[in-house]
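Subject: Structure handover

Hello,

I am passing a structure on to you. Please open it first, then read the notes below.

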Amino acid sequence: MRNGPHNVASYGPNIYTKSAVVDPYPHYRRLRRLGPVVWLSRHGVYALPRYAECKATLRDDATFISGHGVALNPISNRLSRGTTLNSDGAEHDRRRKLVAHRLLPRALRDLAETIDDLAAAIVDTAARRRTVDAVADLASALPLAVVPDLVGWPRDERGLLIDWGGATFDVLGPLNRQAVMSFPRSLQMLRFARRVVRRRTVLEGSIVDELLAAVDAGTVSREQCTALMIDYIAPSLDTTISAISNAVSLFASHPEQWQLLKNDPGLIPNAVNEIVRYESPLRAFARLVRHDTEIAGAPIPAGARVLVMYASANRDEREWKDPDAFDIRRDAGRHLGFGNGAHACAGQALARLETAAMLRALINRVDRIHVSGPPTWAENNIIRRYQSLPVTLESA
Ligand code: HEM
């Protein structure tokens with residue numbers, strides 16, 4: 001360990017290599033051991049690997065701002081202008097109010113039954129086949145069936161959505177080879193969204209349909225409408241696919257936890273929290289420091305970037321007893337997997353609804369889950385999810 005700027009601990013290894021993406025936890029452990037603030041010399045940012053500092057930073061959105069982007073590279077920070085994610089203060093409130101009400105629990109009440117029915121049908125088909133890919137055949141189907149309709153994405157143009165959404169996350173990391181390869185697909189998604197907004201080929205009654213009415217009324221610009229469309233479609237697929245496939249994997253490797261859930265379905269909401277805590281779908285996002293400040297006694301200069309490491313905070317041994325144990329009975333509700341403070345996930349009620357519906361459908365039909373072949377991890381700077389996860393479902 002060397003000292004970084006202002007005498008904070010420094011960490012040299014690249015935490016965005018393929019091996020670090022596949023197995024990040026040893027890096028997180030070393031970073032947490034080094035201190036509450038660690039200078040990542042490779043990436044030129046101050047990392048916050050522990051829970052307390054991550055939470056405090058997310059809640060102090062006047063000092064640690066998102067309006068200059070939450071990515072680790074300037075190109076993506078420019079490209080994501082206009083989004084809710086990329087804004088501060090009153091402008092953030094305004095953007096959030098334009099859409100987020102459509103995803104509040106009470107707005108989703110009518111959708112809950114449809115989501116349950118869809119989940120049951122997906123699990124029925126998979127259980128009949130017995131051996132399936134938990135990513136393609138279980139985890140992807142529900143988010144794809146639900147969110148694009150809600151947002152209003154044209155029905156005949158959905159083949160590339162998951163790939164485009166993944167690329168749009170990937171480019172929010174450092175400007176490494178991985179990000180460079182993803183830029184063309186992320187830009188394709190942006191161009192496509194612009195065309196949809198221009199031609200108004202969105203579904204009637206959808207979120208973007210409502211935004212187009214605001215464009216007509218002159219309260220929202222067309223550019224803003226496009227940014228908000230991306231803002232809601234891009235983070236809505238990979239994240240939930242990650243949560244559902246991680247759930248399948250975790251319950252396969254913890255059959256006693258599966259039995260607990262089957263015996264007491266009342267544990268489902270907390271199981272969703274524990275899944276998102278244990279294998280956080282989003283690794284980390286950055287903030288820009290507005291004025292000279294301190295974090296845990298370390299001076300941080302104005303203009304620096306700090307990296308809020310949700311996934312490491314959720315395994316912090318200072319916050320969690322036995323953090324590397326997966327236990328659906330623990331009090332997991334305070335995890336940071338959906339963020340915290342002003343920018344806390346606007347789609348979390350929907351993500352919880354979808355993940356819970358899949359768990360309910362699975363406990364009704366499946367006795368045991370076995371991983372039946374070597375899984376692969378998606379290579380992505382931001383999202384931690386399986387690319388493929390072969391499983392066998394033993395029917396109840
Ligand atoms: C398990 C699934 C999900 C996880 C783990 C997740 C995680 C997160 C996290 C950590 C943030 C905070 C970003 C920050 O601190 O800057 C966030 C923000 C956001 N999420 Fe999610 N998300 C999920 C699902 C969804 C879904 C389904 C949607 C939309 C339908 C969505 C839409 C958004 C939006 C719009 C924001 C920005 C909110 C703001 O800046 O005010 N997310 N999400």
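Let me start in a loop. Asp322 sits between α16 and α17. Helices here are DSSP runs of H or I with at least four residues, strands are E runs of at least two, and both are numbered from the N terminus. The phi of Asp322 is positive, near 50°, and the residue is not a glycine. Most residues other than glycine have a negative phi. Asp322 counts as exposed, at 54% relative accessibility. The cut-offs are under 20% relative accessible area for buried, over 50% for exposed, and partly exposed in between, with a 1.4 Å probe and protein chains only.

Some ground rules. This is a predicted model, in which local features need pLDDT of at least 70 and side-chain atom pairs need pLDDT 80 or more, while totals for chains, interfaces and linings use all residues. Residues are numbered from 1 along each chain as its sequence is written, and side-chain values use heavy atoms, without hydrogens and water.

Arg130 also has a positive phi, about 70°, and is not a glycine. Look for Arg130 in the loop between α6 (109-129) and β6 (131-133). Arg130 is partly exposed, with a relative accessible area of 43%.

Back to the loop between α16 and α17, where Asp316 also lies. Asp316 is buried, at 2% relative accessible area. Its side chain makes a polar contact with the side chain of Arg318, at 2.6 Å. A polar contact is a pair of N or O atoms within 3.5 Å; within protein, one must be able to donate a hydrogen and the other to accept it, and residues adjacent in sequence count only if both atoms are side-chain atoms.

Now the ligand. Which residues come nearest to the ligand? They are His92, Arg96, Tyr310, His343 and Cys345, out of 28 residues around it. A residue is near if one of its heavy atoms lies within 4 Å. The shell holds 16 nonpolar, nine polar and three charged residues. Nonpolar covers Ala, Val, Leu, Ile, Met, Phe, Trp, Tyr, Cys and Pro; charged covers Asp, Glu, Lys and Arg; the others, Gly among them, are polar.

A polar side-chain atom of His92 is 2.7 Å from an oxygen atom of the ligand. Two or more shell residues come from each of α5 (89-99), α12 (222-233), α13 (238-253) and β7 (285-289). α13 gives the most, with three residues.

What is the only protein donor of the iron atom of the ligand? Cys345, through SG, at 2.3 Å. Donors are N, O and S atoms within 2.8 Å of the metal (3.2 Å for Na, K and Ca), and water is not among the atoms, so sites may look incomplete. Cys345 is in the loop between α16 (310-313) and α17 (348-365).

Asn270 is in helix α15 (residues 268-278). Asn270 is buried, with a relative accessible area of 19%. Its side chain reaches the backbone oxygen of Ile328 at 2.7 Å. Leu72 is in the loop between β5 (64-65) and α4 (74-79). Leu72 is buried too, at 17%. From Leu72 to Ser140 is 68 residues in sequence and 28 Å in space, C-alpha to C-alpha.

Best wishes
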